[in-house]
Amino acid sequence: MPEEVNLKKILFTYIRQWKWFVFSCILCVLAAFVYLRYTPQQYSAQAKIMFVDEGSSSGASNEILKDLRRFSEPDVTTTEDQIEALRSRKVMEAVIRKLSLNIQYSSKGKIHETPLYKNSPIKINFTVADSIVENSKFSFSINILSETTFDFEVENDQKEIVSIKSAFGKNLATPMGDIIILPTADNISKLIGQTIYVKIVPVSELAEFYKNEILVGQTVEFSKVIDLSIKDVVLSRSKDILNTLIEEYNRISIEEKNQKSVNAANFINERINLISRDLSSVDDKIENFKTGNRLTDITSEASLYLNSSSQTEEEISRAKSQLNLVNYMKNYVDDASSSFEPIPSNVGLSDESINSVTSRYNDLLRERNALLKGSTKEKNPIIVNLDQQLSGLKQSLVQSLANSSKAISFQINSLENRASSINSKIYQVPGQVRESRDIEREQGIKESLYLYLLQKREEATISLTSTSPSARIIDEAYSTGLPVSPKKNIVFLAAIIIGLSIPFGVIYANNLLDTKIHNKEDLERVINNISVLGEVPKIKDDSKKGKGLLIEKNDRSIFSESFRIIRTNFDYIRRGRNIDKYENVMFVTSTISGEGKSLFSLNMALTIANTNKRVLLIEGDIRNPQIHPAIKNQMDTSKNKVGLTEYLVDKSTLAGQIIDTYTINDIKIDILLSGKVPPNPAELLMSDRLQELFDYASSHYDFVIVDTAPAMLVTDTLLISQYAGHTIYIVRADYTEKQVLNYAKELHADKKLSGMMMVVNDVKQSNFGYGAQYGYYGTPAKKGFFRRKN
């Protein structure tokens, strides 16, 4: 069954050590005071900004090539990304360079160095490149001697301070290169004797430091408003760092955006040059195509070709009609060659000469026919003349028709050739149109792309002058002006907590690792089947003031009262036991030496003797007797020089002869000392004379108390245990290990010691169990500190 936790007892374990708690708290508070006195105060500066969306800012550079992308993806930047960019090493190094934070000036105070930010009386100019300064780590001091001279002190490789006297404005050689030191104070004479310390730190190292020092976080979750804060021993420097951080972040973001625009413009220029060459090539191709095909406008020329073809076909048709009429007339004239018949006129011949001859012929023929009606003679000269004229006209007509037929046939052939040529050109038009359209389409695409890129180049150029920063300042760096670290209340509270924790931890660890018996309760938890008679308090041996470790007559001290309690408890247990022999014999033993059994035996004998009982105390530990040294100051030369050892060795010695009566603190008691230390104590204790001694003592005394040897170390006690009616087993508080008590358990379980009872010796009064912690009745009550004041 698990043991119940006694919170009151646990609390009392710590309360009774209140002095250590008070001492520890006072010590820690003093340490906190010293810490606050000599620790530089830090100030906090805060700033607030808001990240601006890329879309809401004039980030034209992000949109310049958006339409050129086949699959355009938005450039999404989260607030967390921007925070990381704000805290980047690149931005922090730019801040340090702008504020020259890598060159630190300070002056020596009484306790610590005081930074000189923007108020240093000197300034360092470097003749080496900035890159060397930014990567150097070097420190030195300047001791101002006069208005023009100073001592330059630096530590060499052997860790020795080297001093060099120099003058302001003069080159001074250092491991990192030549430097020039100039005064900046208006009246340098007031600073004579002052020492200025200069420390040059690599920019990268300082950037890493401030990167961890600056706190950046969102005001609320998912917000674009960002809080920035930093702690520094110099208030103005903390503000400058935050303001410069925001400026440099915006500057770098603008440069990056402008670089995008520049890159886009450069890319566009390259594309424009390339497309310009392609466009010139396409124009040359169109020119060569039109020149090779003798074209100006294919559509117009195609219309002309169609009109020409139609006209030619029409002309061919008319020519063929004329040819048919001519042939008809020719055939008609040929058929009528033997006679004079009228020839058709106005049949649609286009040759006016034929029409004229035909008309003349018909006129003459009508005249002849008219004359023939008036004259019967065909050989009329007039008729003959007319016949001759008609024959001539007919012949002329036949010749004209033959000529006209040839001319029309030639014209038809010419028209047909021209029509064939026109048709061939018409057949070529679709291919030329397709080829021309392909070239024109290519030309149109390149022209539109060329014009588009010209427009985007202008947009990129404009965006260089209209780029806005990525962060908008809501609150510039500000501070309350009050120090935030170290905080006195928190430091003192922490000191008190630590002051309470140290003794608490020590006590807790001590209790956790403790393996010893401290009081009656501890003993009863380890051994619960053996009666515990009581506790003997721990007292000081103040024999010089008349207060020793032995009980006095009518003693009312806590020490004597504890023995009275043990005596009473022993009598109670003794009456409850039925022992035939040696009922009044009490053995006192322990597990190991040093547990106080001899002193307990002596005081127990004095306590019982103080009740007018006849008590015999036997010093049974003949190996290491301790009762004799305790009472040697009260012994006189008349006492016996022999003891238990001599009795056991010399059979002629009687028991009554070796027992002497002593008066200790006005209490009479009989004591049998051990005598000389024998070489064979175990064998000597096995003598039969020992039984005679106990028989004599048991019959002549009310109580016999025997101080025996430690039971676990030697076998002496077990050898004589048959003479004991009762055994008191002594356990010493803060001395006896709990594990050692297993041996006492075994002795009791095996009944090797008669009537075992236990006593806890040398118990601190603060560890008294049960009612003992409340004090003893009749003793003056101890007043507390505050009660003593009243």
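Modeller: Buried means under 20% relative accessible area, exposed means over 50%, and partly exposed lies in between. Keep in mind that this is a predicted model.

Biologist: Is D762 buried or exposed?

Modeller: D762 lies in strand β22, residues 756-763. Its relative accessible area is 13%. The cut-off for buried is under 20%, so D762 is buried.

Biologist: What is the phi of D762?

Modeller: Most residues other than glycine have a negative phi. D762 is not a glycine, yet its phi is positive, at about 60°.

Biologist: Where does F222 lie, and is it buried or exposed?

Modeller: F222 also has a positive phi, near 70°, and is a residue other than glycine. Its place is in the loop between β11 (215-218) and β12 (225-232). The relative accessible area of F222 is 72%. Since exposed means over 50%, F222 is exposed.

Biologist: How many helices and strands are in the protein chain?

Modeller: The protein chain has 790 residues, and buried residues make up 40% of them. Among contacts between residues at least 6 apart in sequence, 78% join residues at least 24 apart. As for the elements, the chain has 21 helices and 22 strands.

Biologist: Which residues of helix α3 are buried, and where on the helix do they fall?

Modeller: Helix α3 spans residues 79-86, and its buried residues are T79, Q82, I83 and L86. Seen down the axis of α3, these fall within an arc of 105°, so they line one face of the helix.

Biologist: How many Å apart in space are Q82 and Y249?

Modeller: Q82 lies in helix α3 and is buried, with a relative accessible area of 6%. In sequence, Q82 and Y249 are 167 residues apart. From C-alpha to C-alpha, the two are 9.8 Å apart.

Biologist: At what angle do helices α2 and α11 cross?

Modeller: Helix α2 covers residues 18-38 and helix α11 covers residues 488-513. Their axes come within 8 Å. The crossing is right-handed, and its angle is roughly 145°.

Biologist: Which classes of residue make the contact of α2 with α11?

Modeller: From α2, the contact includes W20, F21 and F33. From α11, it includes K488, F492 and I507. By class, the contact has 19 nonpolar, 2 polar and 1 charged residues.

Biologist: Which peptide bond is cis?

Modeller: Most peptide bonds are trans. With omega near -5°, the cis bond is the one from S485 to P486.

Biologist: How are the rings of W20 and F23 arranged?

Modeller: The model has 15 aromatic pairs, by the rule used here. W20 and F23 form a pair with 6.4 Å centre to centre and 85° between the planes. Both residues lie in helix α2, 3 residues apart, about one turn of the helix. Planes over 60 degrees apart count as edge-to-face, so the pair of W20 and F23 is edge-to-face.

Biologist: Is W20 buried or exposed?

Modeller: The relative accessible area of W20 is 54%. The cut-off is over 50%, so W20 is exposed.

Biologist: What kind of pair do F587 and F694 form?

Modeller: F587 is in strand β16 (residues 585-590) and F694 in helix α18 (residues 689-700), 107 residues apart. Both F587 and F694 are buried. Their ring centres are 5.8 Å apart and their planes are at 45°, so the pair is tilted.

Biologist: Which residues do ring pairs link into a cluster with F587 and F694?

Modeller: F587 and F694 belong to a cluster linked by ring pairs.

Biologist: Which residues does D695 touch, not counting residues up to four places away in sequence?

Modeller: D695 is found in helix α18 and counts as partly exposed at 30% relative accessibility. D695 and Y582 are 113 residues apart along the chain, while their C-alpha atoms are separated by 7.8 Å. With those neighbours in sequence left out, D695 touches K581 and Y582.

How values were computed. Residues numbered from 1 in each chain as written. Predicted model: local features only at pLDDT ≥ 70, side-chain atom pairs only at ≥ 80, totals over all residues. Heavy atoms only, no water. Buried < 20%, exposed > 50% of the residue type's maximum accessible area, 1.4 Å probe, protein only. Helix = DSSP H or I, 4+ residues; strand = E, 2+ residues; numbered from the N terminus. Arc of directions from axis to C-beta. Axes fitted to C-alpha atoms, helices over the stretch in contact; angles between N-to-C directions. Left-handed = near helix turned anticlockwise from the far one by under 90°. Contact = heavy atoms within 4.5 Å. Nonpolar A, V, L, I, M, F, W, Y, C, P; charged D, E, K, R; others polar. Phe/Tyr/Trp six-rings, centres within 6.5 Å; stacked < 30°, edge-to-face > 60°.
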